[in-house]
Amino acid sequence: MSTAILTGQPVPGSSIEGDLRSLGFDVLVAVDAVDAERLVAQAPSDGRVALVDARFVGHVHALRLGLTDPRFPLAAIAGAVTAQPEGRATLTRALARETSSGGGTALAVDSLPDRIVTALDDDGADVRRPELGSLVAAVPVDPQARNEARQAVADVDDEAVRLKSAVKARDGFFTTYFISPYSRYLARWCARRGLTPNQVTTASLLTALIAAGCAATGTRVGFVAAGVLLIASFVLDCTDGQLARYSLQYSTLGAWLDATFDRAKEYAYYAGLALGAARGGDDVWALALGAMVLQTCRHVVDFSFNEANHDATANTSPTAALSDKLDSVGWTVWLRRMIVLPIGERWAMIAVLTAVTTPRITFYVLLIGCAFAATYTTAGRVLRSLTRKARRTDRAAAALADLADNGPLAGLVSRVAPRFPAPVSAAAGGLLVVISAAVWGAAWPTVLGAVGYVLLAGVAVSRPLKGALDWLVPPFFRAAEYGTVLILAAKADVNGALPAAFGLVAAVAYHHYDTVYRIRGDAGAPPAWLVRVIGGQDGRTLLVTVLAALLTASQFTVALTVLAVAVALVVLAESIRFWVSAGAPAVHDEGEPA
């Protein structure tokens, strides 16, 4: 149970006690500073505690933002401060010090909660102060100031601000203008009926899976239904995040579901399209797998670049300055967001093409669009990296090493490898194994190419990844591993080889996305034992080439299937264990649309 302790002199006609109760607080009143300290000590240790000045005037949503967000141990707004259990000791120490210095009896004329916040800042505590915008939060000291504050509250529509703030601050054109104008009201509808973001997220996944099933029928009616349901799934996908922001229902489980279900939905839909095409006699599994490989590589470019520059020093460049200048011109902002095919534009395009064309055409357009978007974004980031004088930190280097996903083989090589530019080594190794697979297929020269790849992968990570372009190493590794599996499965030329390869790449890609969101939550990479068990990207690539060389095409298909199931089971089990544990981070992406 959350406890709010009112401090200061009560004000006749004040709604603060009722407002706090509406937010789920059990409200107590402190007669003086010593009493406030006593009540804080007696509050349930497993619940939130808040100190609120009894003279507070402001919007209920300002209180909600300041006192109920579960992501922050300590938070404050004017006239109020709160602590979750993990921040209770810090708050108690600051309160004890302020009580002692204030004489220990009567509350001072100024706000005790505000003095506590100042003390917390002096202690170096990380106190969250939410952006309130036009919302009011004040502690008036006289009747005139109180009347002015109350008028300011009346002049601003609390609910309108709450609805507006439920929408992600930076989003794509399609989402901003075609989804969010009504999905925010759907989020409010869900909130008023007690639905949780996790329930809406699950509904979005189920809707997308039904869409994939409709596409798998291979009929025109099925394709039209699939397109409509895919858009419906995206509406729900926007709604879950808006519901979380509207009602501040953030959770670690919700973070995991939100972070992984988007990819599961999109890649399941690719599989549905491929199955539907096969019913009509058209084999597009290679295109479906190619789309998944390209999209995953696009994402790892984004993730690696952002992690490399997360806390870099001198993080500016002429290219970045030009980008900022273009962002000052309204129409260029939306054009640049659209051409990178964020999730809204991409899903809308896929839905329309599914309904009116064929799966083959859908994949062709998707591949061309994503290839252009990948070229545009990667080129811009390469230019930024070459023109800025940033110094990468140890944290950035560690994140890139974790994203590389090297296994024991490359690890052994890295201990004795010579120093050589990491991106060059990674690119050379990737080209070696991919070209070997394309030229020789399931043959021992391809295995030798994979051995060379393992050696060069070890060279690439033999030193900390702090170079200007070292963020390219993880994308090169993803392209090499996924590309090798795609080529060898396509060259097997037997039924089931490409679907099995699709499953294997999907399982491995899930592991790589899981790694990203752990790093984003400052929780580190997956445990070392997991990387060893599933071989690392270098070990898996070498294993696939050996299996292709040793086995017949039919046996190779079975081996890929078994490998896909084994990787999926191990990775999912560890991922679920982590994300439902108490130590998992509440990751909620408010940055670039995926």
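The following conversation goes through some features of a predicted model.

Reader: What kind of model is this, and how are its residues numbered?
Author: This is a predicted model, in which local features need pLDDT of at least 70 and side-chain atom pairs count only at pLDDT 80 or more, while totals for chains, interfaces and linings use all residues. Residues are numbered from 1 along each chain as its sequence is written, and side-chain values use heavy atoms, with hydrogens and water left out.

Reader: Let us begin with strand β6. Are its faces buried or exposed?
Author: Both faces of β6 (residues 80-83) are covered. Ala80 and Thr82 on one side are buried, as are Val81 and Ala83 on the other. Buried means under 20% relative accessible area, exposed over 50%, and partly exposed in between, with a 1.4 Å probe and protein chains only. Strands (E, at least two residues) and helices (H or I, at least four) are DSSP runs, numbered from the N terminus.

Reader: Which strands are joined to β6?
Author: Strand β3 (residues 49-53) runs antiparallel to β6 and is joined to it by 4 bridges; Ala50 has Thr82 as its bridge partner. Strand β5 (residues 74-77) is also antiparallel to β6, with 4 bridges, and there Ala76 is partnered with Val81. Two strands pair if DSSP finds at least two bridges between them.

Reader: What lies between β5 and β6?
Author: The two strands form a hairpin with 2 residues between them, and Gly79 in the turn has a positive phi of about 85°.

Reader: Moving to the rings, how many aromatic pairs are there?
Author: The structure holds 15 aromatic pairs. In the pair of Tyr267 and Tyr270, the ring centres are 5.7 Å apart and the planes are at 45°, so this pair is tilted. Rings of Phe, Tyr and Trp (its six-membered ring) pair if their centres lie within 6.5 Å; planes under 30 degrees apart count as stacked, over 60 as edge-to-face and the rest as tilted.

Reader: Where do Tyr267 and Tyr270 lie?
Author: Both are in helix α11 (residues 252-279), 3 residues apart, which is about one turn of the helix. Tyr267 counts as buried because its relative accessibility is 6%, and Tyr270 is buried with a relative accessible area of 1%. Elsewhere, Phe578 and Trp579 form an edge-to-face pair, 5.1 Å centre to centre with 85° between the planes, and both of these residues are buried.

Reader: Which charged end sits over the ring of Phe578?
Author: That of Arg518, 4.1 Å from the ring centre. Likewise, the charged end of Arg162 sits over the ring of Tyr246, 3.7 Å from its centre. The criterion is that NZ of Lys or CZ of Arg is within 6 Å of the ring centre and within 35 degrees of the ring normal.
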